[in-house]
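Here is a brief report on one protein model. It starts with a hairpin and then moves to the core and the overall build.

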Amino acid sequence: VARQGELWVFVEVKTRRGGQSGDALAAITASKRQRLISAAYEYIARHGLDDPEWRVDAVAVTIKADGSEQIVHVEDALDW
């Protein structure tokens, strides 16, 4: 959970070795999206936040065979 000004940002991070960053992003299925939404609402309720603006981002970390990393950040990942 992060903040960007007044906006609350819930971040799902997926890591994969080899392949492409799309492989990690593909792991965010429809059921995973629903769990992310539920978790965001739960966090908001538990922390007594009064109807805050929020979004869910996704970060895909791909560790390549040579050990280098590729990081892709998708803002508002529920809209893609």
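In the hairpin of strand 3 and strand 4, five residues lie between the strands, and Gly67 takes a positive phi near 90°. This is a predicted model: local features need pLDDT of at least 70, side-chain atom pairs count only at pLDDT 80 or more, and totals for chains, interfaces and linings use all residues. Residues are numbered from 1 along each chain as its sequence is written, and side-chain values use heavy atoms, with hydrogens and water left out.

Strand 3 (residues 54–63) and strand 4 (residues 69–74) pair in the antiparallel sense over six bridges. Two strands pair if DSSP finds at least two bridges between them. Ala60 stands opposite Val72 in strand 4.

The protein has two helices and four strands. From the N terminus on, they run β-β-α-α-β-β. Both kinds of element are DSSP runs numbered from the N terminus: helices are H or I with at least four residues, strands are E with at least two.

The largest nonpolar core has 13 residues. Phe10, Leu25, Ala58 and Val74 have the most contacts inside it.

Is Phe10 buried or exposed? Phe10 counts as buried because its relative accessibility is 9%. Buried means under 20% relative accessible area, exposed over 50%, and partly exposed in between (1.4 Å probe, protein chains only). Phe10 has its place in strand 2. Leaving aside neighbours within four places in sequence, its contacts (heavy atoms within 4.5 Å) include Val1, Ala40, Tyr43, Ile44 and Trp54. The C-alpha atoms of Phe10 and Asp79 are separated by 14 Å, with the two residues 69 apart along the chain.

Now the whole chain. Of its 80 residues, 32% count as buried. Along its principal axes the C-alpha trace spans about 45 × 25 × 20 Å. Of the contacts with a separation of 6 or more, 53% come from residues 24 or more positions apart. The protein exposes about 5200 Å², and carbon and sulfur atoms supply 48% of that area. Accessible areas come from the Shrake-Rupley method with a 1.4 Å probe; for residues, only the protein chains shown count as cover.

Notes:
A nonpolar core is a set of buried Ala, Val, Leu, Ile, Met, Phe, Trp, Tyr and Cys residues joined through side-chain atoms within 4.5 Å.
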